[in-house]
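Q: I have a model open and would like to go through its side-chain contacts and packing. Could we take it step by step?

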Amino acid sequence: GNPSNLVDQVIRIEDDVLHIRHLPDFGGWLKPSDSELLLQYLTVPYLRIPLVISFFSDALRLNSLNSPELQDVVDACLFEPGPWQAEYEKKAATVVPSEDRTHPNTPLGLLFNELQVSPHTLVQGILLMLELALEMDVGKFSSQNAVVILYVIRLAVRVEEYMLYVVNHYDWLQSADVTRARSCYQSLVRGLSTDRVDNIEFLRTSQAKIRSLFVEQAFPMLRNWCKQAMHDNAVSSANILHSHLAYLFRNFSAADLTH
């Protein structure tokens, strides 16, 4: 998630990107203007999650996720927690740019913060990426598109897990059993706020849409790919596909399984 790691020179602010002589093209998957834009997005840690997801939810850029390095960039942006907020309360920045870089710190990580405070751009971007990726299916695993499709499925499963945690935690707080803390989402966690009920309902609705895409499109596609791989005795491909089939159901509870 640090742009300095991608160009082997220090990048602290957006203007530093303008002085890079040789922009990375990530194996030819990004043109220079897109590469420059992506690097500029990475200079703002507190905003990079919605910016980067919006960047790759474009139909013309989604195919660039064939690049393992760009996959790592997206994963780092979403799942690196960022600096930890030790204080129970923090003061808002009074000047821009701020002299103190601690104001974007969070107690639970940037992804949880984004889902609670401003989830719309992120979640809608993930939904769009998943829809676009599933439309890329040409009926077989060996195509170049399969790399992007499988990555986006894994990404959506991981984000769905965070969404479910926030929603289930809210539901637990509304229950009568809140006096007994357990583990996972059934516990009192500093930084896991449920003040914005509208955001909770948006997450609940969006998670149902993601789950619908998994069941109605991703699962049949992966199952057909598995059948083809087994028929062709492509054991390595079959192993990859069966692992993705299992991973697709990572966030399903026993009550979610109908057959």
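Q: Which residues are linked with Arg 211 in a network of salt bridges?
A: Glu 160 and Asp 256 are linked with Arg 211 in such a network. A salt bridge here is a side-chain nitrogen of Lys or Arg within 4 Å of a carboxyl oxygen of Asp or Glu. This is a predicted model, in which local features need pLDDT of at least 70, side-chain atom pairs count only at pLDDT 80 or more, and totals for chains, interfaces and linings use all residues. Residues are numbered from 1 along each chain as its sequence is written, and side-chain values use heavy atoms, with hydrogens and water left out.

Q: How many salt bridges does the count come to?
A: By this rule the count is nine.

Q: What does the side chain of Arg 61 meet in a salt bridge?
A: Its partner is the side chain of Asp 34, at 3.2 Å from N to O. Arg 61 lies in the loop between H4 and H5 and Asp 34 in helix H3 (residues 32-41), so the pair ties together parts 27 residues apart in sequence. Helices are DSSP runs of H or I with at least four residues, numbered from the N terminus.

Q: Is Arg 61 buried or exposed?
A: Arg 61 is buried, with a relative accessible area of 18%, and Asp 34 is buried at 11%. Buried means under 20% relative accessible area, exposed over 50% and partly exposed in between, with a 1.4 Å probe and protein chains only.

Q: Changing topic, which residues of H6 are buried?
A: They are Leu 110, Leu 111, Phe 112, Asn 113, Glu 114, Leu 115 and Gln 116. Seven of the eight residues of H6 (residues 110-117) are buried, so this helix is largely enclosed by the rest of the structure.

Q: What covers them?
A: The cover includes helices H4 (48-56), H5 (68-79), H7 (120-135), H8 (145-174) and H9 (197-231).

Q: And the core, which residues have the most contacts inside the largest nonpolar one?
A: Leu 65 and Leu 78 do, in a core of 70 residues. The largest share of this core, 15 residues, comes from H8. A nonpolar core is a set of buried Ala, Val, Leu, Ile, Met, Phe, Trp, Tyr and Cys residues joined through side-chain atoms within 4.5 Å.

Q: What does Leu 78 touch?
A: Leaving aside residues up to four places away in sequence, Leu 78 touches Ile 49, Ile 53, Leu 111, Leu 122, Leu 155 and Val 159. Contact means heavy atoms within 4.5 Å.

Technical notes
Helices (H or I, at least four residues) and strands (E, at least two) are DSSP runs, numbered from the N terminus.
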